[in-house]
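Please keep the sequence and the model in view while reading.

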Amino acid sequence: MRTLLKVSPQGQLTLTRPVLEALGNPRHLQAEVRPDRTLLLRPALKMTLDEAAEAFAAEGITREVLTEAFRILKRRERAAQEAKPGRTEGG
């Protein structure tokens, strides 16, 4: 899929709905600028721990911090599933 995207004066990029849907509607994206000035965007939540550690190392975010963040997200996901109306025990 190819599409033209506009960059705002503040440097913000707005992705169109078809682009977001094609990526699986991610909440976070990992951006990589390659030597040939190509911009690569990937859904960040589909990264392995090793990929995330490599991607965020430049910002000083350690593997330990990422591991704890993943644990927190898993707990929140479980709590949200358990809080859904109509949910029965065991399923």
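Which side chain meets that of Glu68 in a salt bridge? It is the side chain of Arg75, with a distance of 3.8 Å from N to O. The model is a predicted one, and the points below are grouped by topic.

**Confidence of the prediction**

- The mean pLDDT of the chain is 86, and 91% of the residues reach a score of at least 70.
- Among the elements of the chain, α1 has the highest mean pLDDT, 92, whereas helix α2, made of residues 49-56, has the lowest, 85.

**Salt bridges**

- In the whole structure, a search finds five salt bridges.
- Arg63 is partly exposed, with a relative accessible area of 36%.
- Arg34 and Glu32 also meet through their side chains in a salt bridge, at 3.4 Å from N to O. Arg34 is partly exposed at 38% relative accessibility, and Glu32 is partly exposed at 29%.
- A network of salt bridges links Glu32 and Arg34 with Arg42.

**The strand pair**

- Strands β1 and β2 run antiparallel and are joined by five bridges.
- Within this pairing, Val33 stands opposite Leu39, a residue of β2.
- The two strands form a hairpin, with five residues between them.
- As a general rule, side chains in a regular strand alternate between the two faces of the sheet.

**Loop residues with positive phi**

- Arg37 is located in the loop between β1 and β2. Although this residue is not a glycine, its phi is positive, near 70 degrees.
- Arg37 counts as exposed because its relative accessible area is 77%, and the cut-off for that class is over 50%.
- Asn25 is likewise not a glycine and has a positive phi, of about 55 degrees. Asn25 lies in the loop between α1 (17-22) and β1 (29-33).

**Buried residues and the nonpolar core**

- Gln30 is part of strand β1. This residue counts as buried because its relative accessibility is 16%, and buried means under 20%.
- Apart from neighbours within four places in sequence, Gln30 is in contact with Leu40, Leu41, Arg42, Ala44, Met47 and Ala55.
- Which residues make up the largest nonpolar core? The five are Ala44, Met47, Ala52, Ala53 and Leu66.
- Two members of that core, Ala44 and Met47, are among the contacts of Gln30.
- If residues up to four places away in sequence are not counted, Leu66 touches Leu49, Ala52, Ala53, Phe56 and Ile61.
- In soluble globular proteins, nonpolar side chains tend to be buried together.

Conventions
Residues numbered from 1 in each chain as written. Predicted model: local features only at pLDDT ≥ 70, side-chain atom pairs only at ≥ 80, totals over all residues. Heavy atoms only, no water. Helix = DSSP H or I, 4+ residues; strand = E, 2+ residues; numbered from the N terminus. Buried < 20%, exposed > 50% of the residue type's maximum accessible area, 1.4 Å probe, protein only. Pairing = 2+ DSSP bridges. pLDDT = per-residue confidence, 0-100. Contact = heavy atoms within 4.5 Å. Core = buried A, V, L, I, M, F, W, Y, C linked by side-chain atoms within 4.5 Å. Salt bridge = Lys/Arg side-chain N within 4 Å of Asp/Glu carboxyl O.
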